[in-house]
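Reader: Before we discuss this chain, could you put its sequence and model on display and then take my questions in turn?
Author: Here they are, and the questions can follow.

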Amino acid sequence: MTVEIKTDRLALRPWQDSDVDFVFDLYSRWVVQRFIGTEPAVMESRSEAVERLERFKALDHPIHGIWAVTRKEDGLPVGALLLKPIPASGEEPLQVSDDVEIGWHFHPDHWGSGYASEAATAVLEHAFDAGLEQVVAVTNPVNEASQSVCRRIGMEHQGQTKKYYNARCELFVIENPATAQPAN
Ligand SMILES: CC(C)(COP(=O)(O)OP(=O)(O)OC[C@H]1O[C@@H](n2cnc3c(N)ncnc32)[C@H](O)[C@@H]1OP(=O)(O)O)[C@@H](O)C(=O)NCCC(=O)NCCS
């Protein structure tokens, strides 16, 4: 059961069947997809959006989730926020690793509003309140907008890695402040 999370301006909620048009609009855009995956491709049909929505809804976990990020003032969906086990590099199909990643996909109409950082900050708080020790994020090396979100929410850049997704990515990490070991 994906828990609902509220921030000053946003409500993060489970996906609903009525979100299919938003999902199609979001993932059919090259500016959204261009840095996602090793072979970026836009969504081409509404039926793919229906399948994606079903996958989103299937992630039923007390801590992990894929949330619909909506604006509180009018309920408008503005993006997706993800907290889930990250696939390790290896033979296809990739198997998930023990690490948990945070990620964000926002509609370009709503970039530049601070929504991704606001939603991600709240999801990190949820993750750490639930006891996760660490959360990672990976980005395409040229995805500066996403790297800025990582920095804004307090993640530390740890250089490049090929550990995940069979891809060379920039790695960002944040430790749970309640359980982090002090540096010597
Ligand atoms: C990555 C992505 C979510 C970043 O979106 P974003 O809107 O730039 O990120 P934020 O929510 O942190 O917003 C920050 C911007 O809002 C501005 N802003 C306006 N009001 C703000 C507020 N109240 N609080 C914080 N920032 C605010 C900031 O100044 C900043 O603008 P700038 O980049 O021009 O300096 C977006 O580009 C995206 O969805 N891209 C496609 C998908 C993708 O690549 N995902 C990542 C895969 S790894």
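**Questions on the predicted model**

Reader: Where does H107 lie?
Author: Helices here are DSSP runs of H or I with at least four residues, strands are E runs of at least two, and both are numbered from the N terminus. On that basis, H107 lies in the loop between strand 5 and helix 4.

Reader: Is H107 buried or exposed, and with which side chain does the side chain of H107 make a polar contact?
Author: Buried means under 20% relative accessible area, exposed over 50%, and partly exposed in between, with a 1.4 Å probe and protein chains only; at 3% relative accessibility, H107 therefore counts as buried. Contact means heavy atoms within 4.5 Å, and, leaving aside neighbours within four places in sequence, H107 is in contact with F22, D25, L26, R29, V78 and G79. A polar contact is a pair of N or O atoms within 3.5 Å, of which, within protein, one must be able to donate a hydrogen and the other to accept it, and residues adjacent in sequence count only if both atoms are side-chain atoms. The side chain that makes such a contact with the side chain of H107, at 3.3 Å, is that of R29.

Reader: What is the polar side-chain partner of E118?
Author: E118 has its place in helix 4 and is buried, with a relative accessible area of 18%. Leaving aside its neighbours within four places in sequence, E118 is in contact with T7, D8, R9 and L10. The polar contact of its side chain, at 2.7 Å, is with the side chain of R9.

Reader: Which residues does I102 touch, not counting residues up to four places away in sequence?
Author: I102 is among the residues with the most contacts inside the largest core. With residues up to four places away in sequence not counted, I102 touches L81, L82, L83, A120, V123, L124, V135, V136, A137 and M155.

Reader: Against which elements do the buried residues of helix 3 pack?
Author: In helix 3, A49, R52, L53 and F56 are buried; they cover an arc of only 100° around the axis (taken from the directions from the helix axis to the C-beta atoms), which puts them on the same side of helix 3. The face turned away from this buried side carries the exposed residues E51, R55 and A58. The buried residues pack against helix 1 (20-27), helix 2 (30-33) and strand 3.

Reader: Which residues does a cis peptide bond join?
Author: Most residues other than glycine have a negative phi, and most peptide bonds are trans. P93 lies in the loop between strand 4 and strand 5. With omega at about -5°, the cis peptide bond joins E92 and P93.

Reader: What is the phi of N166?
Author: N166 has its place in the loop between strand 7 and strand 8 and is partly exposed, with a relative accessible area of 36%. Its phi, a positive value in a residue other than glycine, is near 50°.

Reader: How far is an oxygen atom of the ligand from a polar backbone atom of A116?
Author: Of the 20 residues around the ligand (those with a heavy atom within 4 Å of it), W104, F106, A116, S117 and R152 come nearest. A backbone N or O atom of G112 lies 2.8 Å from an oxygen atom of the ligand. For the polar backbone atom of A116, the distance to an oxygen atom of the ligand is 2.7 Å.

Technical notes
Residues are numbered from 1 along each chain as its sequence is written. This is a predicted model: local features need pLDDT of at least 70, side-chain atom pairs count only at pLDDT 80 or more; totals for chains, interfaces and linings use all residues. Side-chain values use heavy atoms; hydrogens and water are left out. A nonpolar core is a set of buried Ala, Val, Leu, Ile, Met, Phe, Trp, Tyr and Cys residues joined through side-chain atoms within 4.5 Å.
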